[in-house]
Amino acid sequence: MTAENIDRLAGELKASYQGALVAQDGRVTVVRLPEVGFPQSCSPKSTEALVSLDPGKPKPDFFLKRIPSLRGAQPQHGTITVGGESWCTFSYNLRWNENSTAEQFVEGMLRRFA
Amino acid sequence: MSAALDIRVPQHLSRTLWEEVRRLNSYEPVIFGLVSEAKTPGRRLALVRELIIPPQDAFVRTSGHGAKWTAAYNIELINRALEKSLGIVIFHYHGGGRVQLSADDKQSARKLLPTFQSVLPTRPHGSVVLGDGSVTGMLLMPGERSYAEKMTLRLHASSIEILGGAAVPSTPLLDGLGTVAEIAAVKSRLERACVAIVGLSGGGSQVATKLATFGVGEIIGIDPQRVSADNLLATDELGWPDVLLRLRKTGAVKTRVWWTNRAVHFTPVNAAVPEPKALEGLKRADVIIGCVNNLAARSDIQEIAWRYCIPYIDIGLTLRPSEPTNPQSRLSHISGNVFTAIPGGACLWCTGFLSEKALAGEAGGANRAYLRSALVAQAGHEQRVFVATFNATIAALAASTAFQILVGYASDPPILRIYDGMNGLVSEMTTIKKSDCPKCTANLCAGDLLWQ
């Protein structure tokens with residue numbers, strides 16, 4: 001992703017998600033979203049999310065504080081340290097390119113749990 | 001009770017700081033530190049990421065005690081701090097064992113620190129005076145208006161030198177060990193130390209009891225698993241009753257530690273790195289010993305160790321058959337390693353032990369979502385073999401290294417030791433810190449992320 005697109009995407013996330021915060025972790029920009037909603041029938045209904053914008057990668061990485069259960073089952077997931085904190089990661093190959101919007105990315109990733 | 005305040009200086013800056021503040025000049029030498037901040041359980045940290053040695057022409061003559069620099073240099077300094085979003089700590093030195101800030105120092109701090117805070121309110125700023133074995137100063141933490149005056153300064157080198165807190169002798173503690181005072185000082189330093197051990201199987205369980213023998217004050221044992229029959233081939237610190245009773249490894253090791261030295265406090269953490277409870281345990285430690293069997297956990301431990309300026313000792317043991325596809329094949333290699341990462345020195349990424357490619361390979365080419373299943377599949381192909389004695393050797397090396405870091409009995413800690421289990425030899429390897437290591441650049445003393 002280009003530096004211009006990273007700035008744009010971080011700005012879009014701050015504008016679209018109330019209370020979103022941005023931090024710099026080395027060359028990576030991370031955006032913390034205090035609450036993202038899961039599709040209906042997921043438990044819990046929402047959680048905190050982290051979008052990591054790395055200039056060395058073609059698309060953002062997406063992390064959640066909690067992985068929801070859907071009809072009693074959870075998709076394959078793991079945990080990782082980002083910025084000194086524990087986050088959950090899951091596998092989902094979302095079709096997205098950096099000319100799309102940040103909101104499309106986040107909402108697209110959350111569709112994994114639909 | 002307010003959290004203890006700890007200023008941490010990584011290895012590559014410790015010597016510079018100590019030498020420069022004591023340099024003989026026509027003016028009092030002053031060094032500026034650019035610092036990040038972190039909150040860990042029970043402590044607030046100011047982490048020195050960079051040192052700035054001001055040029056001679058930055059100073060102006062003063063009639064009072066201490067150093068004075070030009071307004072232009074102050075602006076230059078603030079701009080450098082702003083560019084990196086870091087706080088400014090002014091370091092200088094007064095001789096003697098119990099140092100105090102002079103009236104001039106206090107007056108200058110009361111003038112400068114609020115100015116720094118008004119420009120960079122989210123970072124700590126301070127004026128710190130170092131003495132021989134002591135430290136004092138005035139620190140203005142983010143969001144606070146009153147000055148913190150009690151602090152410790154932790155200099156990382158071949159061992160951790162802590163200025164402030166309880167008095168420590170300025171000579172290496174085991175030099176001519178024998179006097180009552182020296183033995184008491186070693187004991188006191190160990191009693192105040194906290195070591196986290198990640199993984200309590202073959203290596204970690206044996207490290208724990210050795211640390212208990214030394215009298216380390218607190219051992220944080222991190223492992224989510226229960227004892228299984230396989231573990232009995234890897235250590236003599238876990239036994240058949242632990243398997244029969246399906247005890248957690250933390251519970252079983254806690255008992256062994258108590259039998260060894262009941263003065264040692266063992267804190268069990270039934271979680272895997274990087275689960276939140278495990279990370280909290282790591283952040284509290286003075287030294288971390290990683291006894292894990294996968295690269296992903298090593299990568300997470302390395303990040304925490306660097307971010308919060310904590311020495312990290314990593315151990316591992318590998319057995320290789322001469323014909324990997326033949327289950328009847330004889331062993332060709334029994335290889336152990338003990339890698340000591342002192343903050344500011346080489347990390348596991350500098351040495352190439354960790355790489356993005358190796359991490360992806362371990363997870364089967366996917367992201368961490370598939371790591372657990374990849375590790376389970378790998379474990380299914382491993383032969384159950386007796387490795388307790390080989391693990392004992394590397395556990396003893398790791399525990400001795402932790403002892404050296406905490407007490408400082410040798411001039412330089414060995415960075416990488418390779419153990420050849422086939423012939424029983426341990427050799428030392430040199431490691432080189434990569435000047436362009438992206439992980440060192442991003443993580444070393446980075447502290448908590450600064451959310452804006």
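Trainee: Before we dig in, which ipTM does the model score?

Mentor: Keep in mind that this is a predicted model. Its pTM is 0.93. The ipTM is 0.93.

Trainee: And where in chain B is the pLDDT below 50?

Mentor: Chain B does well on average, with a pLDDT of 90, and 94% of its residues score at least 70. One stretch falls below 50, although it has 12 contacts in the model beyond near neighbours in sequence. That stretch is residues 169–173 of chain B.

Trainee: Okay, what is the radius of gyration of chain B, and how does it sit against the globule rule?

Mentor: Chain B holds 13 helices and 16 strands. For its 452 residues the globule rule gives 22 Å, and the model comes close to that, so chain B is as compact as a globular protein of that length. Its C-alpha trace spans about 85 × 55 × 40 Å along the principal axes. The radius of gyration itself is 24 Å.

Trainee: What share of the contacts in chain B join residues at least 24 apart?

Mentor: Start with burial: 44% of the 452 residues in chain B count as buried. For the contacts, take those between residues at least 6 apart in sequence. Of these, the share joining residues at least 24 apart is 69%.

Trainee: Now the open sheet of eight strands in chain B: which are the edge strands?

Mentor: Read the strand order, S6-S5-S4-S2-S3-S1-S7-S8, with mixed pairing. The twist averages 25° from one strand to the next. An edge strand pairs on one side only, and here that picks out strand S6 (135–140) and strand S8 (160–163) of chain B.

Trainee: Over to chain A: in what order do its elements run?

Mentor: Chain A comes to two helices and eight strands. Its radius of gyration is 13 Å, which agrees with the value near 13 Å for a compact globule of 114 residues. Buried residues make up 34% of the chain. From the N terminus on, the elements of chain A run α-β-β-β-β-β-β-β-β-α.

Trainee: Which element gives the most to the side of chain B that touches chain A?

Mentor: The contact takes 23 residues from chain B and 20 residues from chain A. On the side of chain B, the elements giving two or more residues are helix H8 (276–284), helix H9 (295–307), helix H11 (371–380) and helix H13 (438–443). The residues on that side divide into 13 nonpolar, three polar and seven charged. The biggest giver, with four residues, is H9(B).

Trainee: Last one: is B:Arg262 buried or exposed?

Mentor: B:Arg262 is found in the loop between helix H7 (249–260) and strand S11 (265–269) of chain B. B:Leu190 is 72 residues away from it in sequence and 14 Å away in space, C-alpha to C-alpha. Around B:Arg262 there are 9 other C-beta atoms within 10 Å, and the cut-off for this class is 12 or fewer. So B:Arg262 is exposed.

Terms used. Residues numbered from 1 in each chain as written. Chains lettered and ligands numbered in written order. Predicted model: local features only at pLDDT ≥ 70, side-chain atom pairs only at ≥ 80, totals over all residues. Pairing = 2+ DSSP bridges. Axes fitted to C-alpha atoms, helices over the stretch in contact; angles between N-to-C directions. Rg over C-alpha atoms; globule rule 2.2 N^0.38 Å. Buried ≥ 20, exposed ≤ 12 C-beta atoms within 10 Å, placed from the backbone. Contact = placed C-beta atoms within 7 Å. Nonpolar A, V, L, I, M, F, W, Y, C, P; charged D, E, K, R; others polar. pLDDT = per-residue confidence, 0-100.
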